Amino acid sequence: MTEIVKASLENGVQKIRITAEKGYHPAHIQLQKGIPAEVTFHRVTPSNCYKEILFEEEGILEPIAQDEEKVIRFTPQDLGEHEFSCGMKMQKGTYTVVEKTKKSLSLLQRFWITSIFTLPLVLIMLGMLTGSISHPVMHWGTFLATTPIMLVAGVPYIRSAWASFKKHNANMDTLVALGTLVAYVYSLFALFAGLPVYFESAGFILFFVLLGAVFEERMRKNASQAVEKLLDLQAKTAEVLRDDVYVQIPLEQVKVGDLIRVRPGEKIAVDGTVVEGETSIDESMVTGESIPVDKSVGDTVIGSTINNSGTIIFRAEKVGSETMLAQIVDFVKKAQTSRAPIQDLTDKISGIFVPAVVILGLLTFWIWFVLLGESFVTSLLYGVAVLIIACPCALGLATPTALMVGTGRSAKMGVLLKMVRFYKKSRKFKRLFLIKLEP
């Protein structure tokens, strides 16, 4: 049976990640009709077969280099199964478009609901420490507080883990689902058997993992805001020569070869070369140079920079996605959608760590039950404890937290890094050399 992976819905956008390595993984995805989609391709393989991504029915053909991440954006409209492939059509995948489903809770909504029910868990734990709450109250109180958390926050991780299990794979979601589900199910049994319960462990694990996911989402939003600010720098219109008369037209209608007139105080619409007039242009938004640069016939001008003194006419040479500003925006978007090596390493470790933890848990149970002669319940308790303690809250929380702090600090300092992996490499920097190039 073909496994179809559904795209997640985040802030009104469907998002899913596909790895290109000996085929596409996942090769079959599901999207909802009428909702904008962002499909992120990560090309691992050096094979030239994968150097392009083709969504033929959407009219999309994008190049992708090895180790690059390319985001394909479109809004699916036609119901049914459609095909995407490499440029040579030798490797293929499918995306199935279905009708909109009932709106599910967003990440932030799940986090706040989890936070509300985590607060009683904290109060109960404090009550146990001070002796003001009895064990029966603690057992039933943690059960009542943790059950909504499992339904709201735990079920999505369990579904993801089950989908990975069916593909003989394991990742961070598997670890989270395994630790929380075992803790909750065992505690249900222990609740009626009069044994110690671990409901609060499942609740706190899900709270901290969701907190890490919220931090990561906040990092993405900050990057999106940076893109929006860059786009605001663009000129909205241009004064272009049409039939021997200069007329104002929308920026989208400017073509290569058009003659564009720019008066003092106006923005340069696109990249080009001056053919008439002299002026000085403020290029600080691109080059960082605070002193205006003199321009005359034959000099190049950059779109979105500001004309200061004279009126000039220039010929458009780069428009749309080819302008320098558009390339900067694309540069920021790549950084926004890239993953740090530690995040990929975490998933790789998970593939080994999950089976190892399960084996250790079973081995612990066997040693206490068979070799040491403890009761079944006591041996099971020790085996379950291994699974609970092994749940990697630090991996789920520390990585996105570190990325959020790193991207936030660098953005405040005016530093943009092309890929998130460079944040890790930056810790080895001893000296930073800045070279100013004369125009």
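**View 1. Leu-31 stands opposite Val-97 of strand 11.** The model is predicted: local features need pLDDT of at least 70, side-chain atom pairs count only at pLDDT 80 or more, and totals for chains, interfaces and linings use all residues. Residues are numbered from 1 along each chain as its sequence is written, and side-chain values use heavy atoms, with hydrogens and water left out. Strand 5 (residues 28-32) and strand 11 (residues 92-98) run parallel, joined by five bridges. Strands here are DSSP runs of E, at least two residues long, numbered from the N terminus. Two strands pair if DSSP finds at least two bridges between them.

**View 2. Tyr-24 and Phe-41 form an edge-to-face aromatic pair.** A search of the whole structure finds 20 aromatic pairs. In this one, the rings lie 5.8 Å centre to centre, with 80° between the planes. Rings of Phe, Tyr and Trp (its six-membered ring) pair if their centres lie within 6.5 Å; planes under 30 degrees apart count as stacked, over 60 as edge-to-face and the rest as tilted. Tyr-24 belongs to strand 4 (residues 24-25) and Phe-41 to strand 6 (residues 37-43), so the pair ties together parts 17 residues apart in sequence. Tyr-24 counts as buried, at 4% relative accessibility. Phe-41 is also buried, at 1%. Buried means under 20% relative accessible area, exposed over 50%, and partly exposed in between (1.4 Å probe, protein chains only).

**View 3. Phe-55 and Phe-84 form a stacked pair.** The ring centres are 5.4 Å apart and the planes meet at 15°, so the pair counts as stacked. Phe-55 sits in strand 7 (residues 52-55) and Phe-84 in strand 10 (residues 80-86). The pair therefore ties together parts that are 29 residues apart in sequence. Both Phe-55 and Phe-84 are buried.

**View 4. One aromatic cluster takes in the rings of both pairs above.** Its members are Tyr-24, Phe-41, Tyr-50, Phe-55, Phe-74, Phe-84 and Tyr-95.

**View 5. Ser-280 is buried in strand 16.** This strand spans residues 279-282. Ser-280 counts as buried because its relative accessibility is 13%. Leaving aside neighbours within four places in sequence, Ser-280 is in contact (heavy atoms within 4.5 Å) with Pro-292, Val-293, Asp-294, Ile-306, Asn-307, Asn-308 and Ser-309.

How values were computed:
Helices (H or I, at least four residues) and strands (E, at least two) are DSSP runs, numbered from the N terminus.
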